[in-house]
Amino acid sequence: MAMALGTKLETFRSYSLLSFIRTLSTSPSTSASVSSSAASQSPKKSKRRKKKNLFEVAQFLPNWGIGYHMAKSHWKEVSYEITKINLYKDGRHGKAWGIAYKNGLPADAPKKISGVHKRCWRYLPNIVKASESSQNLANSTDNDQKVEPQAS
């Protein structure tokens with residue numbers, strides 16, 4: 001019996017010692033100092049910019065990007081000239097059709113663009129719309145004709 005009391009007393013002491021250590025380790029003053037030191041060591045990380053799907057890119061272009069060239073960011077020498085967009089109500093989802101361009105040469109006919117909801121689309125500003133390029137050519141020939149009569 002004395003042996004049983006001794007082991008119970010020993011376990012009680014070890015338990016109270018462990019609970020005392022736990023209360024010290026969870027005291028508010030030490031946890032606050034630990035969290036403040038951790039916050040001061042790690043600088044603020046800049047948030048990564050969320051890439052855009054085709055519709056989020058097209059919404060800022062005139063006429064929802066119809067006639068403009070867009071491509072996925074990892075494509076080389078491939079793009080689509082948007083010919084038709086069918087938007088869902090939220091304006092961020094839908095279907096799109098376009099003419100595929102490979103190495104600057106157009107494919108035969110418009111086809112449905114796959115992967116329009118993936119977040120990797122970009123606008124290609126250096127490729128001029130077909131209607132704008134024909135207008136620019138017409139304007140340049142008109143300007144050349146106008147300049148000649150003034151010079152003579």
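Me: How many residues does the largest nonpolar core have?
Reply: This is a predicted model, in which local features need pLDDT of at least 70 and side-chain atom pairs count only at pLDDT 80 or more, while totals for chains, interfaces and linings use all residues. Residues are numbered from 1 along each chain as its sequence is written, and side-chain values use heavy atoms, with hydrogens and water left out. A nonpolar core is a set of buried (under 20% relative accessible area, 1.4 Å probe, protein chains only) Ala, Val, Leu, Ile, Met, Phe, Trp, Tyr and Cys residues joined through side-chain atoms within 4.5 Å. Leu 54, Met 70, Ala 96, Ile 113 and Trp 121 have the most contacts inside the largest one, and its residues number 15.

Me: Which element gives the most to this core?
Reply: Two or more residues come from each of α3 (54-58), β2 and β3 (94-102), where helices (H or I, at least four residues) and strands (E, at least two) are DSSP runs numbered from the N terminus. With four residues, the element that gives the most is α3.

Me: Is Ser 79 buried or exposed?
Reply: Ser 79 lies in strand β2 (residues 78-87). Its relative accessible area is 4%, so Ser 79 is buried.

Me: Which side chain does a polar contact of 3.4 Å join to that of Ser 79?
Reply: A polar contact is a pair of N or O atoms within 3.5 Å; within protein, one must be able to donate a hydrogen and the other to accept it, and residues adjacent in sequence count only if both atoms are side-chain atoms. For Ser 79, the side chain joined at 3.4 Å is that of His 69.

How values were computed:
Buried < 20%, exposed > 50% of the residue type's maximum accessible area, 1.4 Å probe, protein only.
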